[in-house]
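User: I want to check the labels on some charged side chains. Please set each value against its cut-off.

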Amino acid sequence: MSEWQKVKIGDFLIKETQRFLDCDYLKNLEVYGVSNVEGITFTSHKKSVDLSKYIVIKPKYFAYNPYRINVGSIGLTPDDVTGLVSPAYVVFRTDESKLLPELLLSFLKSTDGLFEIKKNARGTVRQALRYEDLCKIEMAIPPIEEQRKILKKKKSFDLKLKDVLEKNSDQNNYITLLRQQILQDAISGKLTADWREKNSNIEPANVLLEKIKAKKEKLIAEKK
């Protein structure tokens, strides 16, 4: 296999089906859902009072709803989270000696990844991607050392991008506040204070408006 040859990702995945009822050592776990924006996220919407059949998710586990992954609803469990997801979800992890989970997540949420998901999904009106369908998805997977270099560069880029976006957000907030202050100063007359002081012989706007109003009423009364 060449370094960048496309292969089916099933050879790099491990399905997880451990249920809450089988984990006596785990207590009081929270229930999580999956969002196409936030990924793995806490949810208060439990479809069942009995959580015994809910699937356990641990750090670096993937979870997705087979009917929602086609819009990017797949998440990677954070390093500080152990919880539960609905038994309707598919849960799996990668063999990290062969495929880094962060790179797989980036691929599955990319344009190419979504294309592969839709290509392998079943159904016409409402498509679903089962685990066995997921395993058929093709991805270019370089050697693990190359993956680590790619991930390191990606994390560095993401940090720089975050910094730029935060600075841009601060600038946008400043511009918004500046616009509000200019508008307030205009309404209160502060912007034209110096000009009005030098041109005291010119009528202020409120006087001019009253004259216009009076003239308009006179023209209406005269039916003009």
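User: Why is Arg-122 called partly exposed?

Analyst: Arg-122 has a relative accessible area of 42%. Buried means under 20%, exposed over 50%, and partly exposed lies in between (1.4 Å probe, protein chains only). So Arg-122 is partly exposed. This is a predicted model: local features need pLDDT of at least 70, side-chain atom pairs count only at pLDDT 80 or more, and totals for chains, interfaces and linings use all residues. Residues are numbered from 1 along each chain as its sequence is written, and side-chain values use heavy atoms, with hydrogens and water left out.

User: What makes Arg-122 and Glu-132 a salt bridge?

Analyst: Their closest N and O atoms are 3.2 Å apart. The definition asks for a side-chain nitrogen of Lys or Arg within 4 Å of a carboxyl oxygen of Asp or Glu. The pair therefore qualifies. Arg-122 sits in the loop between helix H2 (111-120) and helix H3 (131-134), Glu-132 in helix H3, 10 residues apart. Helices here are DSSP runs (H or I, at least four residues), numbered from the N terminus. Arg-122, Glu-132 and Asp-133 are linked in a network of salt bridges.

User: How do you know that Arg-148 and Glu-145 are about one helical turn apart?

Analyst: Both lie in helix H4 (residues 144-188), 3 residues apart, which means a separation of about one helical turn. Arg-148, at 40% relative accessibility, is partly exposed.

User: What makes Glu-222 partly exposed, and which residue does Glu-222 form a salt bridge with?

Analyst: Its relative accessible area is 35%, so Glu-222 counts as partly exposed. The partner is Lys-218, with closest N and O atoms 2.7 Å apart.

Methods
Helices (H or I, at least four residues) and strands (E, at least two) are DSSP runs, numbered from the N terminus.
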